[in-house]
Amino acid sequence: MPLPTRMLIKTALVYLMLALLLGILLTLGVPNGFFPVYIHLLVFGWLTQLIFGVVYWMFPKYSNQHPRGWEALSWITYAALNIGLILRAIAEPLQTSHASNLFGTLLVLSAILQWLAGVAFIANTWQRVKEK
Amino acid sequence: MPRLSVWFVRCSLIHLFLGLTFGGLILANKGIPFAPWTWSLLPAHMEFLLLGWVVQLAMGVAFWILPRFRSSPSRGNVNYVRGALFLLNAGIVMVAIQPLIGANWLSLTGRILETSAILLFIMTSWRRVKPLEV
C-alpha cells in the first residue's frame, strides 16, 4: 500500500472517530453550528478521503513509469483536503456564533482548499480510469 | 476495467467536481456573503455528492470487480447496467435542477428514475455476489 494511501486512510479513520465523538456532543446539546461540521467530517473527512486513498492504491496503472499517476497531486489532495476541513471545523461554528471578517475569510479559504483537493484528485485519477 | 465501469467512474468524477464546486460556493457565501442564491444549490450539492459521486462510483467498481460468471455474458446483462447508468444520471440531473427551475414533477420523476436505476443494477449484480468457484 503506497504512502499517500496509508496517510489518507489513517486520517480518514481519525475523522470517523472525531465525527462520532462530535455526534455524542451534539446529542448532549452542543449548539447547532456544529451540525454541518459533523456531517462533513463524516462524508468528506471519512468517506470521501477513504475512497481517495483506495482509488489511488487500486485503480489501473497510469503507466509503467508512473503507475499511480503524479504522486505530487496525491499530496496536494491530502494537504488541501485536511487543511480545508480543519479550517472549516474551526471557523464554521465560530462564524455562526460570532460572525467576523476573520472567520468569514477562513471559511472562504476552506472552501477553496476543499475544492482544490477534489480537482487534484480528479486530475490524477481521470487518466487511470481506462478500459483494459 | 470494463467500458461500462469506465463510464460509471468518469460520470462519478464529473459529479464529484460539480458537487464540490456547488458546496464550495455555498461555504464561501457563508463566510463572505456575495450571492444569496447559492443556497438554492444545496439540494444539487447533496444529490451530486451522495448519489452522483459515492453511489455511482460504488456501482462502477462493483460492476468491475464482483465475481464473474463462467458463461457469457460474464458480468451479467450489460443492457440492464447500461440502462442503470442512463437512468441514474438522468434522475440525478432532474432532482438537482428542480429547485432552480421550480417544476415539482422533476423531483418525483428524478427519484423514480434513480430508484429504477438501482433496481436494474441489483437485478444484474445480485447473482454475482457469490463464492468464486460457482
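Trainee: Where does S12(B) sit in this predicted model?

Mentor: The model is a predicted one, and in it S12(B) belongs to helix 1 of chain B, the helix that covers residues 3–31.

Trainee: Why is S12(B) called buried?

Mentor: A residue counts as buried when its relative accessible area is under 20%. The relative accessible area of S12(B) is 0%, so S12(B) is buried.

Trainee: Which residues does S12(B) contact, leaving aside its neighbours within four places in sequence?

Mentor: With those neighbours left out, S12(B) is in contact with G52(B), W53(B), Q56(B) and L57(B). The cut-off behind the word contact is heavy atoms within 4.5 Å.

Trainee: And what makes up the secondary structure of chain B?

Mentor: Chain B has 4 helices and 0 strands, and along the sequence these give the pattern α-α-α-α. Its C-alpha atoms occupy a box of roughly 60 × 30 × 20 Å along the principal axes, and 51% of its 134 residues are buried.

Trainee: Where is W64(B) found, and which residues does W64(B) touch?

Mentor: W64(B) is in helix 2 of chain B, which spans residues 42–65. Not counting residues up to four places away in sequence, W64(B) touches M58(A), F59(A) and P60(A) in chain A, together with M1(B), P2(B), S5(B), R75(B) and R128(B) in chain B. As for I92(B), 28 residues apart from W64(B) along the chain, the C-alpha atoms of the two are separated by 22 Å.

Trainee: Turning to the other chain, what are the elements of chain A?

Mentor: Chain A has 4 helices and 0 strands, running α-α-α-α from the N terminus on. The box filled by its C-alpha atoms is roughly 50 × 30 × 25 Å along the principal axes, and 45% of the 132 residues of chain A count as buried. The accessible surface of chain A is about 6800 Å², with 73% of that area belonging to carbon and sulfur atoms.

Trainee: What makes helix 3 of chain A roughly antiparallel to helix 4 of chain A?

Mentor: The axes of helix 3 (residues 71–97) and helix 4 (residues 101–126) of chain A come within 7 Å and cross at roughly 155°. Angles over 145 degrees count as roughly antiparallel, and therefore helix 3 of chain A is described as roughly antiparallel to helix 4 of chain A. The residues in the contact between these two helices divide into 19 nonpolar, 7 polar and 2 charged. Helix 3 of chain A also passes helix 4 of chain A in a left-handed crossing.

Trainee: Why are helix 4 of chain A and helix 1 of chain B described as roughly antiparallel to each other?

Mentor: Helix 4 of chain A and helix 1 of chain B pack at an angle of about 170°, with their axes 8 Å apart. The cut-off is again an angle over 145 degrees, so these two helices are roughly antiparallel to each other. By class, their contact has 15 nonpolar, 8 polar and 2 charged residues.

How values were computed
Residues numbered from 1 in each chain as written. Chains lettered and ligands numbered in written order. Predicted model: local features only at pLDDT ≥ 70, side-chain atom pairs only at ≥ 80, totals over all residues. Heavy atoms only, no water. Buried < 20%, exposed > 50% of the residue type's maximum accessible area, 1.4 Å probe, protein only. Axes fitted to C-alpha atoms, helices over the stretch in contact; angles between N-to-C directions. Parallel < 35°, antiparallel > 145°, perpendicular 65-115°, else oblique. Left-handed = near helix turned anticlockwise from the far one by under 90°. Nonpolar A, V, L, I, M, F, W, Y, C, P; charged D, E, K, R; others polar. Areas by Shrake-Rupley, 256 points an atom, 1.4 Å probe, with all protein chains shown as cover.
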